[in-house]
Amino acid sequence: MSADPPLPRLDQVWPPPHPVEPRSWQGTTLRRQNYAAVLRTVLTDGPISRVDIARRVGLTPTAITNIVASLLRAGLVREVEPPSLGRDRGRPKVPVGIDPAGLTVLGIFIGGTQTSIGLIDLAGQLIAETDIEQTSESADELIEQTAAAARELITAVPLPTPVLGVGVSIGGWVDTERGTVRDHVHQHWIGAPLRDRLAERIGLPVVLNSNARAMALLESWLGAAKGVRDFIYVSIGALVGAALVIDGKVYDGAGSASGNIDHLSVRVRAQERCFCGRRDCLHVMVSDDATLRLAHQAGVDPSVASVRALAEVARAGDAAAQRVLRNRARHTGTAVGQLADLLNPELILLGGSILDAPEYLDDVRRRAAAGAHAAPSVADIVRPSVFGLHALSRASGALVLNQYYGDPLAHPPLALGAGA
């Protein structure tokens, strides 16, 4: 039996081929912007009253009342009754918050050896998750394995609404336009039609981006970067990468290559070559594999097979493990200092396995401050991510939610005129 043709991307699915006759306001850019601004404000600041929404968004109370009423009818927000303040003070304004049951999306994070798949609600919270070990070095086989696990999870979990789409994140240089990976430590991912093949096999539209950008998006909504307009998210783990958020938006770059810091020079030559051929890359000094290799070469027991285990050995007094983790933090600080000078952000967030040894974050800060010239106060803005490992699939799902919150009138249920 021949395979069905690939499904269109999420932004091509709605409006439907024969949409309901639009009302006078529905197709206007301003109306779309207003709905997006209101819904995103409820996401990041809710529960929040209509009066406060009007202040934040800059619309009239009447306009906010009408938009919120439409969102309530569509099941995207819900009223949250506040505690009673007493009869003599009058009935308080009833705030509204995101209704988690309003929509569901699927998030897939493809790591170095493991893939995490999660169902995410409209509020960006995890409903259910499954982890699978990658059992092949063939992209085709891994895509099939991932799609099968995703379909199984969707079938196994009772959901109030159909799944809107799939967000997929992976390390390396991700070409968001073509839906492929252009550079990766694992050769089998390079050039594979990851987005289109997953869309075909899962049966849902797919949004693909780098895991660092996905995490930056989640941090900007619900994490340590909430309310910050310009920041950098730096991921140090199995893969090394960064995401730039400029004026509140994740920046992909002209060739989708922004944040490609794994080949940034740390001014130290390693014994091993990076997969790009050089010896001074950040990747070959701080990635998980490099860190463990350096630890074993320094005399740490070869049975120590993860950075988390290495951190435990260091806490138990192993001087070699301590030295390797401190050097890792310092090399990371060298890169952070360069990024601070180049982009002058409000905040630099650190994520990934470097947080398995948080006692060395001050080494990152000190080296960053020592190396920075235009940004000597960089030590004050380097902070850890607030999310743990289970945020990886949540962040991937946020890629789909970002499209939804960017234009809710282009997607169901509002695209069908529900509650309009």
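Residues are numbered from 1 along each chain as its sequence is written. Because the model is predicted, local features need pLDDT of at least 70 and side-chain atom pairs count only at pLDDT 80 or more, while totals for chains, interfaces and linings use all residues; side-chain values use heavy atoms, with hydrogens and water left out.

The protein chain has an average pLDDT (the predictor's confidence in each residue, from 0 to 100) of 88, and 89% of the residues score at least 70. Where pLDDT is low, the predicted coordinates should not be read in detail.

Helices (H or I, at least four residues) and strands (E, at least two) are DSSP runs, numbered from the N terminus, and two strands pair if DSSP finds at least two bridges between them. In these terms, 5 strands make up an open sheet of mixed pairing, in the order S12-S11-S10-S13-S14. Strands S12 (249–251) and S14 (382–384) each have a single partner strand and stand at the edges, so one side of each is left without a neighbour in the sheet. From one strand to the next, the twist averages 30 degrees.

Within this sheet, strand S13 (residues 347–351) runs parallel to S14 and is joined to it by 3 bridges, with Leu349 standing opposite Arg383 in S14. S10 and S13 also run parallel, joined by 5 bridges, and here Ile232 stands opposite Ile348 in S13. Buried is used for residues under 20% relative accessible area, exposed for those over 50% and partly exposed for those in between (1.4 Å probe, protein chains only). Because 5 of the 5 residues of S13 are buried, the strand is largely enclosed by the rest of the structure. Leu347, Leu349 and Gly351 point one way from S13, while Ile348 and Leu350 point the other way.

Helix H11 (residues 319–343) lies across S10 (231–236), S11 (240–246), S13 and S14, and runs at about 155 degrees to S10. Helix H12 (residues 361–371) packs on the sheet by touching S13 and S14, and its direction makes about 160 degrees with that of S14.

Strand S11 contains Val245, which is buried at a relative accessible area of 3%. Beyond its neighbours within four places in sequence, Val245 is in contact with Ala216, Arg229, Asp230, Phe231 and Val250. Leu244, also found in S11, counts as buried at 12% relative accessibility, and its contacts outside four places in sequence include Phe231, Lys249, Val250 and Leu343. Leu244 and Arg213 are 31 residues apart in sequence, yet 7.5 Å apart in space, C-alpha to C-alpha.

Notes:
Axes are lines fitted to C-alpha atoms, for helices over the stretch in contact, and angles run from 0 to 180 degrees between N-to-C directions. Contact means heavy atoms within 4.5 Å.
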